[in-house]
Amino acid sequence: MDLKALRINGKRLQQSLEEMAKIGATPAGGVQRLTLTDEDKRARDLFVQWLKELDLEITIDEMGNIFGKRAGKNNALPPVMSGSHIDSQPKGGRFDGILGVMGTLEALRTLHENDVQTERPIVIVDWTNEEGSRFAPAMVSSGVWAGALDRDYAYGLTDINGFKFGEELERIGYKGPAPAKKHPLHAYYEYHIEQGPMLERQGKTIGAPKGILCLHWYDIYLTGEANQVGPTPMEGRHDALCAAAEMILKVNQLPDKMGGNMVATVGEIQNYPNSRNIIPDRIHFTVDIRSWDDEHAIKAWEDVKTDFNAIARRRGCPIKIEETWRVEHSPFDEKLVQRVLKTAENLGYSALHMVSGAGHDASYMNQIAPTAMIFVPSIGGRSHVEVEETTWEDCEAGGNVLLHCLLQSANEQ
Ligand code: GLV
Ligand code: MN
Ligand code: MN
């Protein structure tokens, strides 16, 4: 058959996404499918059922990563891998992650029903805990698979309620027997929504990121002195929440202060005992710093850390700082990035060479295999929110670009 004419079934991709969106659906139209919860398990079960219908060789590894391998003509050749993640943010959207998994599934269904055989095998993957919002850090299981993170470190991660990653993985029945260990790959693709406004602003359909910013995560713990808010004079207080408030503004001002390419965010805070008439004595908050320039991000961190220590001293609130996680910026494989751009053009879609501000498993995969991503527009640039939207037409366009990138890579000798 004429492979050039091959197209995915956009309607079927839409149906798969709609079916998945029912699992963990939130009233405002998003999904809450936190990693290793019952919702994650139900979505995995459905995914595995769909993989079985394609006669793929299914492997579940000790990190709960799910792989489905479609045989090639020459199975001794390193395969091409493609996928993303099924887990979501709390009150997240219906496209983040799952589009890349369902998009790859749709590409494989298209190959299956057209009896297309590729030279190399193609492997579809769902990576466990991409989001990192239940168990920090993010992208932990692609990190273990790629050899950048330690498996037992991952098993020991705890969520806010004290549940352990390893135990939750076992509880939902996805601690598989296969080692989470890299093997040679010919290429890795990840299809994803942009999660930002650039494609929409520039009126383009397909984004080809040249890479991903570095991601640096920190955890800050402050200790104050609790007391009755009425009788306790303002002077001499050790209010841990006020110390945190000053620090949070320093983080917000950091990109302006440092200049260059950078974003910095405090997204999570716990305040104890969290009562309106007790002076707060215990705080935990997070810091997220991202840049294309790793050194610049580290300099910024050193700068703000100095401010944190000064604020803690002045307010008499001892501080504990954890440098939780750093993943370097990931410049993707130039040949594959160009392939994404060229494929989009050949299919008649407008395309943009850009940068990914969002983190993806592609960061770790880029450390071990030629990697590229395919982006489609996020309406209003909104993501990690329930109103996250991408048009079905754009989902289909990205699916076609993925299909043809997979075909090219999988047919290379
Ligand atoms: C991953 O979702 C990120 O934090 O960018
Ligand atoms: Mn994602
Ligand atoms: Mn996300």
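How far apart are the manganese ion (ligand 2) and the manganese ion (ligand 3), and which residue coordinates both? The two ions are 3.5 Å apart. D96 coordinates both. The model described here is predicted.

## The manganese site

Three residues coordinate the manganese ion (ligand 2): H85 through NE2, D96 through OD and H192 through NE2. The distances run from 2.0 to 2.3 Å. Along the chain, these donors follow the spacing H-x10-D-x95-H.

Now take H85 and D96 as a pair. H85 lies in the loop between β3 (80–84) and α3 (98–113), and D96 lies in the loop between β3 and α3, so the pair ties together parts that are 11 residues apart in sequence. H85 and D96 are both buried.

## The surroundings of ligand 1

Ligand 1 has its own shell. E130, E131, R290, A358, G359 and H384 surround it. By class, the shell holds one nonpolar residue, two polar residues and three charged residues.

## Polar contacts and cover

Which residues place an N or O atom by ligand 1? G359 uses its backbone: an N or O atom there lies 2.7 Å from an oxygen atom of ligand 1. E131 uses its side chain, where an N or O atom is 3.0 Å from an oxygen atom of ligand 1. H384 also takes part, with a polar side-chain atom 3.2 Å from an oxygen atom of ligand 1.

Taken alone, ligand 1 exposes 190 Å². The protein buries 93% of that area.

Notes. Residues are numbered from 1 along each chain as its sequence is written. Chains are lettered from A and ligands numbered from 1 in the order in which they are written. This is a predicted model: local features need pLDDT of at least 70, side-chain atom pairs count only at pLDDT 80 or more; totals for chains, interfaces and linings use all residues. Side-chain values use heavy atoms; hydrogens and water are left out. A residue is near a molecule or strand if one of its heavy atoms lies within 4 Å of it. A polar contact is a pair of N or O atoms within 3.5 Å; within protein, one must be able to donate a hydrogen and the other to accept it, and residues adjacent in sequence count only if both atoms are side-chain atoms. Accessible areas come from the Shrake-Rupley method with a 1.4 Å probe; for residues, only the protein chains shown count as cover. Ala, Val, Leu, Ile, Met, Phe, Trp, Tyr, Cys and Pro count as nonpolar, Asp, Glu, Lys and Arg as charged, and the others, Gly among them, as polar. Donors are N, O and S atoms within 2.8 Å of the metal (3.2 Å for Na, K and Ca); water is not among the atoms, so sites may look incomplete. Helices (H or I, at least four residues) and strands (E, at least two) are DSSP runs, numbered from the N terminus. Buried means under 20% relative accessible area, exposed over 50%, partly exposed in between (1.4 Å probe, protein chains only).
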